[in-house]
Amino acid sequence: MVTSPDIFSADFKEEPYWWIDAPLRRTDPIALPARVDVAIVGSGYTGLSAALPLARAGRSVLILEANTPGEGASTRNAGNVSRTLKWSFDGLVHRYGIEAATAYYREAALAIEHLDETIKSERIDCLFKRTGRYYAAHSPKAYEALAREVDVLFKRVGYKADMIPRGEQSAHVGSDVYFGGQVVHGPGYLHGALYHRGLIDRAVEAGVAIAGQTRVTGIQRSDLDFEVVTSRGRLRAGQVIVATNAYTGRDGPVFEYLRRRLIPVNSYACATEPVPAELIQSLVPGGRPIITSHKVVFHIQPTPDGKRLIIGGRAGRRDKDLRTTAAYLHNHFATRFPQFAPVRLARCWDGYFAFTFDYLPHIGVQDGVHYAVGCCGTGIPMGSYLGRKLALRLLGKAAEAKTAFDGRDFPGVRFYNGDPWFLPTVMNYYDFRDSLPF
Ligand SMILES: Cc1cc2nc3c(=O)[nH]c(=O)nc-3n(C[C@H](O)[C@H](O)[C@H](O)COP(=O)(O)OP(=O)(O)OC[C@H]3O[C@@H](n4cnc5c(N)ncnc54)[C@H](O)[C@@H]3O)c2cc1C
């Protein structure tokens, strides 16, 4: 792909757009305490959502973060808040049966309500808008698949969605290449880094200590406690939570266990320069994020302040550099939405989210260490939700801590060690499947 300089604004940067409003707070690392009740590894949504209820219940809590707090996926995402899982409902029924499928989808719905409630009750100003979303069908078969699920999802889980035939889609999407689509009520979008900042602020107010630039390099049992070894010294902890998701490294047996079960997927997003409101209206007439039905999705939506557009896609691919990826994404939308062609990009960034081999999130305990990982790209609501569930478990509130994602076999694949060398081949296969009209 040719990278035309015309598609980049003069202030183009390879950095998350969200960091303009919510820059990372790069502070000097704090001194480590000798002992805490709970040590949490990872400072994203999952770690913070676990930390807050624990600290409020009187536990001493320390979050250990290898980089600057929030530098993982939690300030890099696209801001879409969904209540879907990577499985279609049909697919889940086929694999796990109707009861399990219903339970998983119900929890996905609960996760978004939990997020909404948290944002409201904690007064986090992150511009959360529950606009719903529009799934644009990339083929007639994709439209049929979306239509098949509308009734069953409403009856089983209470999801409300309307099918939009191709002839009526101009009220929802500013392109005529799609084969109709589905308006889903309930999801929305937010400013991911402001949400993260709000969680940090509340956690710190509740007494949580956060040690940035502190990599955990080992976790060992030591009498009734754990000894947590870090790049800046050791400490003891009564309980340990690992919330490192796609950034899980080779830092000891628990991390190795998770690495063998997680597929880190690189993903990309771009923000445009500020654009006129009429242009946004013509591209995204429904005001809802537009997500394509491709296996590897593309999406376009307004920024939560309504001044720019966010585009994203190309997950799992690795181009020569970020400008090449940005050019690819620009071209993808310009060829489908001609009015997008003159729009220039001001930011392009990447980051990693984690897939699992069964496409479902996992929460559990390994060697006495608690974890919640593998939200498969829905970590804004699901990471927050499972983080809170971890806290409830540690507080001994077994009934409230219950979740359908607990206690399931966490599959790995023989000889897989966390390095997803197979991703390009899988993505080529998905692209091929997506290109078929049937
Ligand atoms: C480009 C992109 C777009 C996305 N879009 C969306 C979206 O629209 N909607 C959505 O719901 N989700 C989206 N996601 C996924 C979502 O951002 C993640 O699922 C979520 O942020 C995961 O949160 P987390 O707290 O589990 O992990 P993270 O936020 O990734 O945090 C893990 C942290 O652990 C730290 N860490 C790792 N190892 C160690 C160690 N040994 N010691 C100390 N610290 C360690 C890392 O430095 C990192 O900061 C997107 C992700 C990306 C990259």
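Tutor: A residue is buried if 20 or more other C-beta atoms, placed from the backbone, lie within 10 Å of its own, exposed if 12 or fewer, and partly exposed in between. This is a predicted model: local features need pLDDT of at least 70, side-chain atom pairs count only at pLDDT 80 or more, and totals for chains, interfaces and linings use all residues. Numbering runs from 1 along each chain as its sequence is written.

Student: How does valine 365 count, and why?

Tutor: Valine 365 has 14 C-beta neighbours inside 10 Å, so it counts as partly exposed. Valine 365 sits in strand S18 (residues 362–366); strands are DSSP runs of E, at least two residues, and helices are runs of H or I, at least four, numbered from the N terminus.

Student: How are two packed helices described?

Tutor: By the angle between their axes and the distance between the axes. Axes are lines fitted to C-alpha atoms, for helices over the stretch in contact, and angles run from 0 to 180 degrees between N-to-C directions. Here, H1 (residues 45–56) and H5 (residues 192–205) pack at about 25°, axes 9 Å apart. Angles under 35 degrees count as roughly parallel, over 145 as roughly antiparallel, 65 to 115 as roughly perpendicular and the rest as oblique. H1 and H5 are therefore roughly parallel.

Student: Which residues around the ligand come nearest?

Tutor: A residue is near a molecule if its C-beta atom, placed from the backbone, lies within 6 Å of it. Of the 43 residues around the ligand, Gly42, Gly44, Gly72, Gly351 and Gly379 come nearest. Strand S17 gives the largest share of the shell, four residues.
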